[in-house]
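Subject: Structure handover

Hello,

Here is the structure you asked for. Please open it first, then read my notes below.

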Amino acid sequence: MAKSAFQKTKLLHLAQLLLHETDEDHPITVARMIEELGRYDIKAERKSIYDDLEALRSFGLDVQCRKGKSPGWFIGEREFELPEVKLLMDAVQSSRFLTQKKSDALIRKLERLSSVHQARQLQRQVYVSGRIKVMNESIYYNVDKLHTAIAGQKAITFKYFDYDIRRQKVFHREGRRYTVSPYGLIWNNENYYLVAFDHLNQEMRHYRADKMCEIVVTNLDRQGRERYPDFQIAQYGQKHFGMYSGREVTVTLRGKNSMAGVVWDRFGQEVILVPDGEEHFTVTLPVVMSPQFFGWLFGLDGGLVLTGPRQAVEAYRQKLSAAAAELST
């Protein structure tokens, strides 16, 4: 039998056919395989197909055969099982930091991890109340550059901006570049934040990754470790409610025993709760004083009460008074 120019790609086409067209509910016969290979001018006989299937199995593909009413061959276990692909697709669709265009592109790629028949089950929409996608398409590539800088322990430069009412970029520092040393990324309130040592202000700060542009990874070694020798990304994120900046204060909260889970969910299981009577506890925590912290506290409807220090209690009281005054006007 004369061999065509495509004969050397026979195994590749056969593997692609099985991965794309088959699953446990949709096997294909050897006759169908021969027919499909013929579309590429690839000659095949039944015996050679059996040898090829065995070769693919030896290579690592979970090629299985089923007999009975619907006989045929199919791919069994895959790199990602269908429930795992569904989970990944749900995460992509509901992720705020990805633009709609990038979400759609990633979903199309995820569909290729399953058969065409399973992909139909994946074509569903995840509805999240109030879902808003970011406008900055470059976020996807920003995060990649930031990971490169973090892994290489190198400083970066970038421009930072907000949007005005016309959706135009307004750059901070009159467009001058920031120079910072990245320490890590935090996913908070559905946004990516870079935590980095600001070279100009000589302190740790954070920046919204989707509001950064023209990022350049430099050859400068990372700075800040001498000033922050014990710096921990997780602790930084716990202190900053909604990633709002402010003054760090060690506060004391008194709460009902039923609120223990709320404290542990927010600050971690290692936080020590001190019993205060039979129905309450106290806890001492470092937090960054911000409107978001006060809002979180107020939203717990008295379940946790701020008891110290005095300046923190007074600041909270002033916020509540100001809010009440606004309502009365």
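Helices (H or I, at least four residues) and strands (E, at least two) are DSSP runs, numbered from the N terminus. This is a predicted model, in which local features need pLDDT of at least 70 and side-chain atom pairs count only at pLDDT 80 or more, while totals for chains, interfaces and linings use all residues. Residues are numbered from 1 along each chain as its sequence is written, and side-chain values use heavy atoms, with hydrogens and water left out.

**A helix and its cover**

Start with helix H1 (residues 10–21). H1 has 12 residues. From first C-alpha to last, H1 reaches 16 Å, close to the 16 Å expected at 1.5 Å a residue. That expected span is 1.5 Å times one less than the number of residues.

Which residues of H1 are buried? They are Lys10, His13, Leu14, Ala15, Leu17 and Leu18. Buried means under 20% relative accessible area, exposed means over 50%, and partly exposed is in between (1.4 Å probe, protein chains only). The cover over the buried residues of H1 includes H2, H3, strand E1 (63–66) and strand E2 (72–75). Contact here means heavy atoms within 4.5 Å.

**The sheet**

Next, look at an open sheet of four strands. Its order is E10-E11-E9-E12, with antiparallel pairing. The edge strands are E10 (274–275) and E12 (304–308), and each pairs on one side only. Two strands pair if DSSP finds at least two bridges between them. Strand E9 (residues 247–256) and E12 have four bridges and run antiparallel. Gly255 has Leu304, in E12, as its bridge partner.

**Salt bridges**

Side chains of opposite charge can pair when their charged atoms come close. A salt bridge is a side-chain nitrogen of Lys or Arg within 4 Å of a carboxyl oxygen of Asp or Glu. How many salt bridges are there by this rule? The count is 17.

- Glu21 and Arg32: the closest N and O atoms are 4.0 Å apart. This pair links distant parts of the chain, with Glu21 in H1 and Arg32 in helix H2 (residues 30–38), 11 residues apart. Glu21 is partly exposed, at 21% relative accessible area. Arg32 is also partly exposed, at 29%.
- Glu54 and Arg57: the closest N and O atoms are 2.5 Å apart. Both residues lie in helix H3 (residues 46–59), three residues apart, about one turn of the helix. Glu54 is partly exposed at 41%, and Arg57 is partly exposed at 32%.
- Asp276 and Arg254: the side chains meet at 2.7 Å, N to O. Asp276 lies in the loop between E10 and strand E11 (280–289) and Arg254 lies in E9, so the pair ties together parts that are 22 residues apart in sequence. Asp276 is partly exposed at 29%, and Arg254 is partly exposed at 30%.

Salt bridges can also share partners: in this way Glu21, Arg32, Glu35, Glu36 and Arg39 join into one network.

**A nonpolar patch**

Finally, turn to the surface. Phe80, Leu88 and Leu113 form a nonpolar patch there, with about 220 Å² of accessible area together. Patches are made of residues with over 30% relative accessible area and no salt bridge; like charges are joined within 9 Å, and nonpolar side chains (Val, Leu, Ile, Met, Phe, Trp, Tyr) within 5 Å. Accessible areas come from the Shrake-Rupley method with a 1.4 Å probe; for residues, only the protein chains shown count as cover. Leu88 sits in helix H4 (residues 82–94). Leu88 is partly exposed, at 35% relative accessible area.

Best wishes
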